Amino acid sequence: MLKIAICEDEKVFAEALERGVQSWAAQRGIRVSIRKFTNGVPLIHCIEDNGMFDLVFMDVQMKKMDGLEAAAKIRENDLDFFSVGE
């Protein structure tokens with residue numbers, strides 16, 4: 001099972017991305033578990049408590065903790081974290 005996080009503060013975008021990921025996975029017979037977060041703070045707490053996701057989609061501009069700050073915090077604890085689009 002592929003563990004995926006969607007970190008997006010705009011509900012419409014988060015839902016559209018979730019539908020797209022589910023469709024992509026279903027076409028390939030891949031099982032996915034998707035968790036959604038509205039900013040980087042709960043994402044970081046979830047990673048600290050449960051371990052890293054296989055894939056994280058993250059908005060760059062969010063309130064409380066934006067995607068750039070969240071990516072930097074993840075990198076502090078996970079040397080294998082790779083990001084695209086910073």
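A search of the whole structure turns up 2 salt bridges, a salt bridge being a side-chain nitrogen of Lys or Arg within 4 Å of a carboxyl oxygen of Asp or Glu. Before you click on them, note that this is a predicted model, in which local features need pLDDT of at least 70 and side-chain atom pairs count only at pLDDT 80 or more, while totals for chains, interfaces and linings use all residues. Residues are numbered from 1 along each chain as its sequence is written, and side-chain values use heavy atoms, with hydrogens and water left out.

**Stop 1: lysine 11 and glutamate 15**

Select lysine 11 and glutamate 15, whose side chains form a salt bridge at 4.0 Å, N to O. They sit 4 residues apart in helix 1 (residues 11-28), about one helical turn from each other. Helices here are DSSP runs of H or I with at least four residues, strands are runs of E with at least two, and both are numbered from the N terminus. An α-helix has 3.6 residues a turn, so residues three or four places apart point the same way.

Now colour by accessibility: buried means under 20% relative accessible area, exposed over 50%, and partly exposed in between, with a 1.4 Å probe and protein chains only. Lysine 11 is exposed at 62%, whereas glutamate 15 is partly exposed at 29%.

**Stop 2: lysine 36 and glutamate 18**

Next, pick lysine 36 and glutamate 18, where the side chains meet in a salt bridge of 2.9 Å, N to O. Lysine 36 belongs to strand 2 and glutamate 18 to helix 1, so this pair ties together parts 18 residues apart in sequence. Lysine 36 is partly exposed, at 40%; glutamate 18 is buried, at 18%.

**Stop 3: asparagine 39**

Move on to asparagine 39, in the loop between strand 2 (32-37) and helix 2 (40-50). Asparagine 39 is buried, with a relative accessible area of 8%. Its side chain reaches the backbone nitrogen of valine 41 at 2.8 Å. Show its contacts too (heavy atoms within 4.5 Å): leaving aside residues up to four places away in sequence, asparagine 39 touches Cys7, Met62, Lys63, Lys64 and Met65.

**Stop 4: helix 3**

Finish by selecting Gly67, Ala70, Ala71 and Ile74, which are buried in helix 3 (residues 67-77). Look down the axis of helix 3: its buried residues fall within an arc of 100°, so they line one face of the helix. That arc is taken from the directions from the helix axis to the C-beta atoms.

Notes
Polar contact = N/O pair within 3.5 Å; in protein donor to acceptor, adjacent residues only side chain to side chain.
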